[in-house]
Amino acid sequence: MIKLIGVSKKFKMGENEVIVLDKMDIHIKQNEFAAIVGPSGSGKSTLMNIIGCLDTPDEGDYFFQGKNISKASDNHLADIRNNKIGFIFQNFNLLPKLNALENVEVPLQYRGLKEQECRKKAINYLAKVGLTGREDHKPNQLSGGQQQRVAIARALVGEPELLLADEPTGALDSITGQEIMELLKGLHSQGHSVLLITHDQKVAEQAERVLQIQDGRICHRNETLSVGV
Ligand SMILES: Nc1ncnc2c1ncn2[C@@H]1O[C@H](COP(=O)(O)OP(=O)(O)OP(=O)(O)O)[C@@H](O)[C@H]1O
Ligand SMILES: [Mg+2]
């Protein structure tokens, strides 16, 4: 599904150059539920931006469904982002003036689907995340957990190949956060590919596979555990 080979990203800070991603290799398979875990400043968002086609690597190759997109044009990247990736963010990022149903319809409207088709799909996806009956609620009339469910329905409605979740439980209390994790696990068991990014080891461990970012590289959890044994 996605493969990064030798991906590097550096930032210039005045005279200094900071290497955030250092020849990173990652392979995420179709239908996998993987988590990338690492402390603050370890490069998680930098990596997520590359995987999510919001940024490109300085070096190395990024294959999305077998195609090398490390040097793809902005238009090509936008096309992948809009059609193949569903994003879930820490702060939900819902449009405050739109109700739950309208928020879920947005990605379909961008694609030019007919109004009735948008409505039908949005209702269906809100039901999948357990929000039937809340279609008319604006974000400020929903709890944090419910807002994140709307955001998940919005991410799913376009039937993306990959769900990319950056700290999806970060703004929620632990019980609500766990409910969102159960929802993501359910989506995985229905065949969705999920990539979760978090600083929270307990959250990460609920994925099928945990990749740890350390010193700009990926270190698989089992390898981490074997260090020092
Ligand atoms: N545009 C930029 N210019 C300069 N340095 C940057 C830029 N973006 C990120 N960095 C640096 O790259 C490093 C990694 O940042 P990144 O945001 O990827 O970390 P993170 O793992 O997502 O952290 P957090 O858990 O706090 O969100 C940091 O040292 C940061 O200062
Ligand atoms: Mg970050």
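In which hand does α5 pass α6? I put this to a predicted model, and the crossing is right-handed.

**Helix pair.** I next looked up the geometry of helix α5 (residues 144–156) and helix α6 (residues 174–189): their axes cross at roughly 20° and come within 9 Å. I therefore record α5 and α6 as roughly parallel to each other. On the α5 side I noted Gly144, Gly145, Gln148, Arg149 and Ile152, which meet Thr176, Glu179, Ile180 and Leu183 of α6. I sorted the residues of this contact into three nonpolar, four polar and two charged.

**Sheet.** I then traced an open sheet of six strands with mixed pairing, in the order β6-β7-β8-β3-β9-β10. Its edges are β6 (85–88) and β10 (217–220); each has a single partner strand, so one side of each lacks a neighbour in the sheet. Direction ignored, neighbouring strands are turned by 25° against each other on average. I found β6 and β7 (residues 162–166) running parallel, joined by four bridges, with Ile85 opposite Leu162 in β7.

**Helices on the sheet.** I saw α1 packed on the sheet, where it touches β3 (33–37), β7, β8 (193–198) and β9 (209–214); the direction of α1 makes about 160° with that of β7. α5 also packs on the sheet, touching β6 and β7, and its direction makes about 170° with that of β6.

**Ligand 1.** I listed 13 residues around ligand 1, of which Phe11, Ser40, Lys44, Ser45 and Thr46 come nearest. Two or more residues each come from β1 (2–13), β2 (16–28) and α1 (44–51); α1 gives the most, with three. By class, I recorded four nonpolar, eight polar and one charged in this shell.

Technical notes: Residues numbered from 1 in each chain as written. Chains lettered and ligands numbered in written order. Predicted model: local features only at pLDDT ≥ 70, side-chain atom pairs only at ≥ 80, totals over all residues. Axes fitted to C-alpha atoms, helices over the stretch in contact; angles between N-to-C directions. Parallel < 35°, antiparallel > 145°, perpendicular 65-115°, else oblique. Left-handed = near helix turned anticlockwise from the far one by under 90°. Contact = placed C-beta atoms within 7 Å. Nonpolar A, V, L, I, M, F, W, Y, C, P; charged D, E, K, R; others polar. Near = placed C-beta within 6 Å. Pairing = 2+ DSSP bridges.
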